Amino acid sequence: REYKARYMKMKKAMEDFARAARLFTIKSAAATKIQSNFRTFVCRRSFRSHVLGVKAAVRIQSLWRSHRQRREYEAVLGARAVLRKFVPLLVDRTRFLRMRSSARLIQSKFRDYLARRDAKAVVIQSYARGFLAKVEARHRNASIVKIQSFVRSHRVQAASGQDLKAVRFRLVAATARVRANPKLGIGHQTQAALAGLSKAKSIQSAISLCKVLEFSTASSTRCCSMVCGDVAAVSSLLRFARACNRSEPHVDYLRRVLATLLNIVDADSNLASGLAGVEEIFTTIGELLQMYRGKSEIFLPAARVLHALAAVIPRSSVSAGEIAGLRRKLEGISQILKQKLRLEKKYIHHMETRKGSDVLARESATKVVKTTRELQSVYDVLNCLEGEAKYHMEGQDCCAAKNTIVRRAFMETQNLRGLGRE
């Protein structure tokens, strides 16, 4: 009972507090509304007085502008009336000055005509004397040059007479030896080298034979025909090329093999067509391109040989599958070279902004040049396979480089010639 009385008392106190809080909220809201209405009334009254002041200022400005324009117009009318008196005088003076300048110009031209008429004879005489002097000097210089050439030829003959005689003697002796022993001729040497290649078992034994083939194909078109006609020997060359690695003897062998193939394809397009018919020659050269990226002494000759062979594909019996595989391989090589070229150029740009050394700039620029040449050679082969200029190099702005060495290297890349235009 005591707890209930305490609870009822607390409930009543809370109801009284809530009633007082509601009453306070209502009074506060009413006060806020009254203050808002009063502020609105005050602002409206001050804005009305401001608007009246602005209208009065605009009216005053309008009246002042109209007054100023009337004064300027009246000043212009007064100036026009003053100038109207002096205009005829100005026109007459202008006409007089023009006529005086025309008369002076006519007099000057007439005097020049008289002077030129009197100087014509002098000019003709001077030109005639100059022509005669030039003819005499030309004859004298020709005589001097001829005498000097005779003197030089006499001195050269006197100085190198013994050497020429020795060279002629050696040539005659070599010719006599070849006639006495036909086995010493390059034709017989080429046949022997081809027979040795068919029997060769290792790359070391084939290197000396490749030296003979390189020399003979560079010296004689008939030797090129002999090499191209021996399919077994060419297949042996390609078989050994596929077995090569990056060691120095193997690189030397590949260099000589590619030089021999270049001599054959440069000698005659018919020989190139016969060479394109050798089994797996496109696959072998494509593998060399893929393996020797960055080694320009192997990559560029291989690309040149492949370009010459691709140019005669319509006249040779090459399978479409081999050509498709070669195209995919070349596209993969071009993507790798493009990525390498992009990274090298990015490194050069980073080095220029950070002011790297000239040694690093020269090395990076050399790498850019080599990679650009290799990529251009691959694009030439792909364009030859496609039959249209589908692949092309993006031009470089050589003037954008800050380093002089890098700029010179980029200028060299812009002057590159493709394999098909060499």
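**Exercise 1.** Is Phe240 buried or exposed?

*Solution.* Before starting, note that this is a predicted model, in which local features need pLDDT of at least 70 and side-chain atom pairs count only at pLDDT 80 or more, while totals for chains, interfaces and linings use all residues. Residues are numbered from 1 along each chain as its sequence is written, and side-chain values use heavy atoms, with hydrogens and water left out.

Step one is the rule: buried means under 20% relative accessible area, exposed means over 50%, and partly exposed lies in between (1.4 Å probe, protein chains only). Step two is the value: Phe240 has a relative accessible area of 3%. Phe240 is therefore buried.

**Exercise 2.** Describe the protein chain as a whole.

*Solution.* Start with the helices and strands, which are DSSP runs numbered from the N terminus (helices: H or I, at least four residues; strands: E, at least two). The protein chain has 12 helices and 0 strands. Next, look at burial: 27% of its 422 residues count as buried. Finally, turn to contacts, meaning heavy atoms within 4.5 Å. Among the contacts in the protein chain with a separation of 6 or more, 74% come from residues 24 or more positions apart.

**Exercise 3.** Work out how helix H5 and helix H6 meet.

*Solution.* First find the helices: H5 covers residues 231–242 and H6 covers residues 248–267. Their axes come within 10 Å and cross at roughly 145°. Here the axes are lines fitted to C-alpha atoms, for helices over the stretch in contact, and angles run from 0 to 180 degrees between N-to-C directions.

Then list the residues that touch. H5 supplies Ser236, Leu237, Phe240 and Ala241, and H6 supplies Tyr253, Leu254 and Val257. Sorted by type, the residues of this contact are 6 nonpolar, 1 polar and no charged. For this sorting, Ala, Val, Leu, Ile, Met, Phe, Trp, Tyr, Cys and Pro count as nonpolar, Asp, Glu, Lys and Arg as charged, and the others, Gly among them, as polar.

**Exercise 4.** Which kind of aromatic pair do Phe240 and Tyr253 form?

*Solution.* Rings of Phe, Tyr and Trp (its six-membered ring) pair if their centres lie within 6.5 Å; planes under 30 degrees apart count as stacked, over 60 as edge-to-face and the rest as tilted. For Phe240 and Tyr253, the centres are 6.4 Å apart and the planes make 85°, which is edge-to-face. By this rule the count comes to 1 aromatic pair.

Now place the partners. Phe240 lies in helix H5 and Tyr253 in helix H6, so the pair ties together parts that are 13 residues apart in sequence. Tyr253 is buried, at a relative accessible area of 0%.

**Exercise 5.** Where is Val227, and what is in contact with this residue?

*Solution.* Val227 belongs to helix H4 (residues 221–229). With a relative accessibility of 1%, Val227 is buried. Setting aside neighbours within four places in sequence, the contacts of Val227 are Thr190, Leu194, Leu213, Thr217, Val234 and Ile264. Take Thr217 from that list: Val227 and Thr217 are 10 residues apart in sequence and 8.1 Å apart in space, C-alpha to C-alpha.
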